[in-house]
Amino acid sequence: MNKVFAGFAGILILAILVVRHSAQGQTTQPSDVQKQFLGSWKLVSTEEKLKDGTSRPYKEVGPHGVGYLIYAADGHMCAELTNPDRPKWDDPPTTAQKIAAIEGLTAYCGRYEIDEANKTMWHYPELAWEQGFVGTKQRRPYQFEGNHLIFSGKQPPGEDQSVDRWAIVWERAK
C-alpha cells in the first residue's frame, strides 16, 4: 500500500510541477517590442515596387484594399485583407463571382515570433484560405513609425520576380 501511495504522491507532485511551470509560462510578461505589436491593426496601404521602376498595389487587394491584422499576447495572430472592389454577388452567386471573391482575399491565422535583433516578425500560418500557405514560415521585416507598423522587404525567390520590393503599412486600430 505504501508503494502505491508513494507512486501516487510522486505523480501528483510531478503534475503540480508541470501545472506550475505551465502557469508561469502564461504569466510571462511580453517584451517591450511584443507590446508594440499587440492589438488590432487596420490596413493603410500595400505596394509592390517593380524592377522596371513602377509600383502597384498588391494584386489581391487592389488600390482600395481593406484589412485587419491582430496580434494576441499568447503568441497567436490573424490577418485578413480583401479587395472591396470585387464584384457584388448575385443570389445565388455565379462561378465567376465566387472566383473573383477568392482572388480578392488573403486570410490566415497562426502563431508568431518576433526576432527583435533582426527586426523581423515571423508568421506561422496554421490555417489559411490558400492551402499551400499552411505550415510555411513567413518573414515580415518590420519597423514602427508613430502609430504605423510597416512590413517591407525584398521579393523572396519563388514569387513574382517582376517585383523588386514590397511594403505593407498598418495603422493601430482605434
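Helices (H or I, at least four residues) and strands (E, at least two) are DSSP runs, numbered from the N terminus. With that in hand, welcome to a protein chain that has 3 helices and 9 strands. This is a predicted model, in which local features need pLDDT of at least 70 and side-chain atom pairs count only at pLDDT 80 or more, while totals for chains, interfaces and linings use all residues. Residues are numbered from 1 along each chain as its sequence is written, and side-chain values use heavy atoms, with hydrogens and water left out.

**The chain as a whole**

- Read from the N terminus on, the elements follow the order α-α-β-β-β-β-α-β-β-β-β-β.
- Of the 174 residues in the protein chain, 31% are buried (buried means under 20% relative accessible area, exposed over 50%, and partly exposed in between, with a 1.4 Å probe and protein chains only).
- The chain exposes about 11400 Å², and carbon and sulfur atoms supply 57% of that area (accessible areas come from the Shrake-Rupley method with a 1.4 Å probe; for residues, only the protein chains shown count as cover).
- Taking contacts between residues at least 6 apart in sequence, 49% join residues at least 24 apart (contact means heavy atoms within 4.5 Å).

**Strand β1 and its partners**

- Strand β1 (residues 39–50) pairs with strand β3 (residues 66–71) in the antiparallel sense over 4 bridges, where two strands pair if DSSP finds at least two bridges between them.
- In this pairing, Lys-42 stands opposite Tyr-68 of β3.
- β1 also pairs with β9, again in the antiparallel sense, over 9 bridges; here Thr-46 stands opposite Ile-168 in β9.
- Strand β2 (residues 55–56) is another antiparallel partner of β1, joined over 2 bridges, and Ser-55 in β2 stands opposite Lys-49.
- The hairpin of β1 and β2 has 4 residues between the strands, and Gly-53 there takes a positive phi near 95 degrees.

**Strands β6, β7 and β8**

- β6 and β7 run antiparallel and are joined by 4 bridges; Thr-120 has Pro-141 in β7 as its bridge partner.
- β7 pairs with β8 as well, in the antiparallel sense over 4 bridges, with Tyr-142 opposite Phe-151 in β8.
- Between the strands of the β7 and β8 hairpin there are 2 residues, and Gly-146 has a positive phi near 60 degrees.

**The largest pocket**

- Rolling a probe the size of a water molecule over the atoms shows where empty space is left.
- On a 1 Å grid over the protein atoms alone, a cavity is a set of points where a 1.4 Å probe fits but cannot get out, and a pocket is an open set with protein on both sides within 12 Å along at least five of seven lines; lining residues have an atom within 4 Å of a point.
- The largest pocket holds about 860 Å³ of space (grid points are joined across faces, edges and corners, and a volume is the space filled by probe spheres set on the points).
- Its lining has 31 residues, of which Tyr-58, Phe-133, Gln-138, Arg-140 and Glu-159 are the closest to the pocket centre.
- By kind, the lining divides into 16 nonpolar, 5 polar and 10 charged residues (Ala, Val, Leu, Ile, Met, Phe, Trp, Tyr, Cys and Pro count as nonpolar, Asp, Glu, Lys and Arg as charged, and the others, Gly among them, as polar).
- β7 gives the largest share of the lining, with 4 residues; β4 (76–82) and β5 (105–115) are among the strands that each supply at least two.

- Gly-110 has its place in strand β5 and is buried, with a relative accessible area of 4%.
- Leaving aside neighbours within four places in sequence, Gly-110 is in contact with residues including His-76, Met-77 and Tyr-124.
- Val-66, in strand β3, is partly exposed at 39% relative accessibility.
- With neighbours within four places again left aside, the contacts of Val-66 include Leu-43, Glu-80 and Pro-84.

**Backbone details in two loops**

- Most residues other than glycine have a negative phi, and most peptide bonds are trans.
- The peptide bond from Asp-91 to Pro-92 is cis, with omega near 5 degrees, and Pro-92 sits in the loop between β4 and α3 (95–103).
- Lys-119, in the loop between β5 and β6, has a positive phi near 50 degrees and counts as partly exposed at 43% relative accessibility.
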